[in-house]
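Me: Let's walk through this one together, question by question. Ready when you are.

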Amino acid sequence: MRIAMIGTGYVGLVSGVCFSDFGHEVVCVDKDPRKIEKLERGEVPIFEPGLDALMIKNVEAGRLSFTLDLASAVKQADAVFIAVGTPTRRGDGHADLTYVYAAARELADVIDPGTVVVTKSTVPVGTNREVARVIAERLAETGRECPFEVASNPEFLREGAAIEDFMRPDRVVCGVDSEAAEQVMRDIYRPLSLREAPVMITSLESAEIIKYAANAFLATKITFINEIA
């Protein structure tokens with residue numbers, strides 16, 4: 001399958017490299033020229049054990065590439081993953097979804113019909129519906145007719161063990177709103193299904209709340225054991 005990964009931060013780069021190791025054709029796109037130049041030289045801008053070797057292996061195999069050009073990255077893609085930052089806003093502590101919605105709006109100008117737009121960033125409940133609305137709104141503005149699907153695919157990666165977590169997950173959560181989106185997500189994660197990793201198909205909202213619940217539970221455990229210590 002052909003996959004485009006928007007964002008080459010921790011989540012985007014690890015996910016893109018691992019997807020390419022599944023055998024998919026992956027193009028990672030970023031707006032930072034310096035980051036793309038480093039990646040094309042085989043330099044990993046983050047620290048994650050084993051990521052550099054896995055990246056170079058898949059680049060040499062022709063399954064992984066990097067670009068600044070969004071249009072070329074998403075051309076004929078089966079799925080486009082949004083893996084941009086959602087930092088905490090100053091003042092109210094809410095997630096800043098500016099980059100997610102900006103990516104969605106830009107995608108509306110370049111995606112092909114039938115593309116599944118997948119949010120991998122950590123986002124509040126309701127964000128994927130809003131991503132769909134933003135894309136549809138931009139399509140209407142430009143007069144383009146381009147049916148598309150949306151999906152939610154939160155990550156559960158630990159820094160320092162991200163590759164192991166991606167390749168041997170406790171579960172893969174895929175929030176979808178159609179059979180077409182579900183089939184694309186199952187095809188993407190088929191290598192994990194063959195290893196009997198559970199692929200959980202949920203609604204969009206369930207996938208979003210699962211990620212927040214998991215984060216909250218981990219924070220609770222850390223806070224508890226720190227108090228005991």
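Me: How exposed is R186, as a relative accessible area?
Reply: Quick ground rules: this is a predicted model, with residues numbered from 1 along each chain as its sequence is written. Local features need pLDDT of at least 70, side-chain atom pairs count only at pLDDT 80 or more, totals for chains, interfaces and linings use all residues, and side-chain values use heavy atoms, with hydrogens and water left out. Buried means under 20% relative accessible area, exposed means over 50%, and partly exposed is in between (1.4 Å probe, protein chains only). R186 falls in the partly exposed class, with a relative accessible area of 35%.

Me: Which residue does R186 meet in a salt bridge?
Reply: A salt bridge here is a side-chain nitrogen of Lys or Arg within 4 Å of a carboxyl oxygen of Asp or Glu. Helices (H or I, at least four residues) and strands (E, at least two) are DSSP runs, numbered from the N terminus. The N to O distance is 3.0 Å, and the partner is E182.

Me: What separates E130 and R133 along helix 6?
Reply: Their side chains meet in a salt bridge at 2.6 Å, N to O. E130 is partly exposed at 24%, and R133 is partly exposed at 38%. Because they are 3 residues apart in helix 6 (residues 127-142), the separation is about one helical turn.

Me: How many residues apart are E155 and K211?
Reply: E155 forms a salt bridge with K211, with the closest N and O atoms 3.6 Å apart. The pair links distant parts of the chain: E155 is in the loop between strand 6 (149-152) and helix 7 (162-167), while K211 is in helix 10 (residues 204-228), so the number is 56.

Me: How many salt bridges does the count come to?
Reply: Some of them join up: R105, D109, R138 and E141 are linked in a network. By the salt-bridge rule, the count comes to 17.

Me: At roughly what angle do helix 6 and helix 10 cross?
Reply: Axes are lines fitted to C-alpha atoms, for helices over the stretch in contact, and angles run from 0 to 180 degrees between N-to-C directions. The axes of helix 6 and helix 10 come within 8 Å. Under 35 degrees counts as roughly parallel, over 145 as roughly antiparallel, 65 to 115 as roughly perpendicular and the rest as oblique. Helix 6 is oblique to helix 10, since the crossing angle is roughly 130°.

Me: Which residues of helix 10 do T127, N128 and R129 meet?
Reply: Contact means heavy atoms within 4.5 Å. On the helix 6 side we have T127, N128 and R129, and on the helix 10 side L204, E205 and E208.

Me: What is the strand order of the open sheet?
Reply: Two strands pair if DSSP finds at least two bridges between them. The sheet has 8 strands with mixed pairing, and its edge strands, strand 3 (64-67) and strand 8 (199-202), each pair on one side only. The order is 3-2-1-4-5-6-7-8.

Me: Which residue stands opposite R2 in strand 2?
Reply: Strand 1 (residues 2-6) and strand 2 pair in the parallel sense over 5 bridges. Strand 2 (residues 25-29) is mostly covered, with 4 of its 5 residues buried. Opposite R2 stands E25.
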